Amino acid sequence: MIITITGTTGFVGTNLQDYLKTAYEIESMSVRYISNQQFDLKADAIIHLAGKAHDLKKVSSPSAYYESNFELTKQLFDSFLISKAAVFIFMSTVKAVADTVQEVLTEDTVPDPKTHYGIAKHQAEQYILSQELPHGKRVYILRPCMIHGPGNKGNLNLLYQLVVKGLPWPLGAFENQRSFLSVENLCFVIKELLGNTMIPSGVYQVSDDKSLSTNALIQLLGISLGKKNRILNIPVSWIKGVAKLGDHLHLPLNSERLQKLTENYVVSNQKIVSAIGKSLPVTTKEGLLKTFVSFRK
């Protein structure tokens, strides 16, 4: 079985190639949006990872998201429909559904994306789901939450730097729960989708089994470093006041960053785990500890 993967130079793409290479022949495909293009697809399955990631610095133009995440996906999917390939896996995001979550995000949640990144991914999802699927073809839209793993220097690394320097965590008074996704679990899910023809086409959220609070995450970081954690329970009203000052004085803590650090974002993985019929190989804590250990290298 030949697998074509787009976006192989990225974090997920690099890990996925290593995970699948012993079972499949992997072909890397470099893609970018060009008007009116069509792809000549020769593989048995297409895994579309390429796209424009969420820009935390907010300097990207809106058109870049729609070209990379919607228009390019549309072109690739149209090419898949007339190719011999039997499987199409599209890497979407939970942000195609919601930027904030009050309870638990499921596949039944009505999408209401708020950013150009999320809206473009949602448009790609809608286009894929609106097309009639030829007999014998399977299509999977995956919505991962925050992905982590060795080699990823994302938001978790910021918390790591705080703990490794021995600085206290000042937001202990905030209670929240967040879902995470080990890249190993994501690769496992994709491999199962490729090999199991009985898994129905559709939209699947992907996350680790357990959610964690940010306070628990800080404690886990301390364990991985052999350091004693200092978690301060400063009154929430005081912290919010400092964050509002930060909005105007450009302090390290502002209202947006405070929300990201303390918000709830719990994602259900029940649908995908049930469809696969197997447990995920890595627990939430095991996956996070592997990531934290990699930060030391």
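How many of the twelve residues of helix 6 are buried? In this predicted model, the answer is nine, so helix 6 is largely enclosed by the rest of the structure.

**View 1. Helix 6 and its surroundings.** Helix 6 covers residues 214–225 and spans 17 Å from its first C-alpha to its last, which is close to the 16 Å expected at 1.5 Å a residue. Its buried residues are Thr 214, Asn 215, Leu 217, Ile 218, Leu 220, Leu 221, Gly 222, Ser 224 and Leu 225. The elements that cover these buried residues include helix 4 (155–164) and strand 8 (180–182), as well as helix 8 (255–262) and helix 10 (284–295). After helix 6 comes Gly 226, which has a positive phi near 70°.

View 2. Strand 1 (residues 2–6) runs parallel to strand 2 and is joined to it by five bridges, with Thr 6 standing opposite Met 29 of strand 2.

**View 3. A salt bridge between Lys 114 and Asp 112.** Seven salt bridges are found when the whole structure is searched, and in one of them the closest N and O atoms of Lys 114 and Asp 112 are 3.0 Å apart. Lys 114 is exposed, its relative accessible area being 56%, whereas Asp 112, at 42% relative accessibility, counts as partly exposed.

**View 4. A salt bridge between Arg 178 and Glu 263.** The side chains of these two residues, Arg 178 and Glu 263, meet at 3.2 Å, N to O. Arg 178 lies in the loop between helix 4 and strand 8, while Glu 263 lies in the loop between helix 8 and strand 10 (266–267), so the pair ties together parts that are 85 residues apart in sequence. Both Arg 178 and Glu 263 are buried.

**View 5. A salt bridge between Lys 290 and Glu 184.** Here the closest N and O atoms of Lys 290 and Glu 184 are 2.9 Å apart. Because Lys 290 belongs to helix 10 and Glu 184 to helix 5 (residues 183–195), the pair ties together parts that are 106 residues apart in sequence. Lys 290 counts as partly exposed at 42% relative accessibility, and Glu 184 is partly exposed with a relative accessible area of 28%.

Notes:
Residues are numbered from 1 along each chain as its sequence is written. This is a predicted model: local features need pLDDT of at least 70, side-chain atom pairs count only at pLDDT 80 or more; totals for chains, interfaces and linings use all residues. Side-chain values use heavy atoms; hydrogens and water are left out. Helices (H or I, at least four residues) and strands (E, at least two) are DSSP runs, numbered from the N terminus. The expected span of a helix is 1.5 Å times one less than its number of residues. Buried means under 20% relative accessible area, exposed over 50%, partly exposed in between (1.4 Å probe, protein chains only). Contact means heavy atoms within 4.5 Å. Two strands pair if DSSP finds at least two bridges between them. A salt bridge is a side-chain nitrogen of Lys or Arg within 4 Å of a carboxyl oxygen of Asp or Glu.
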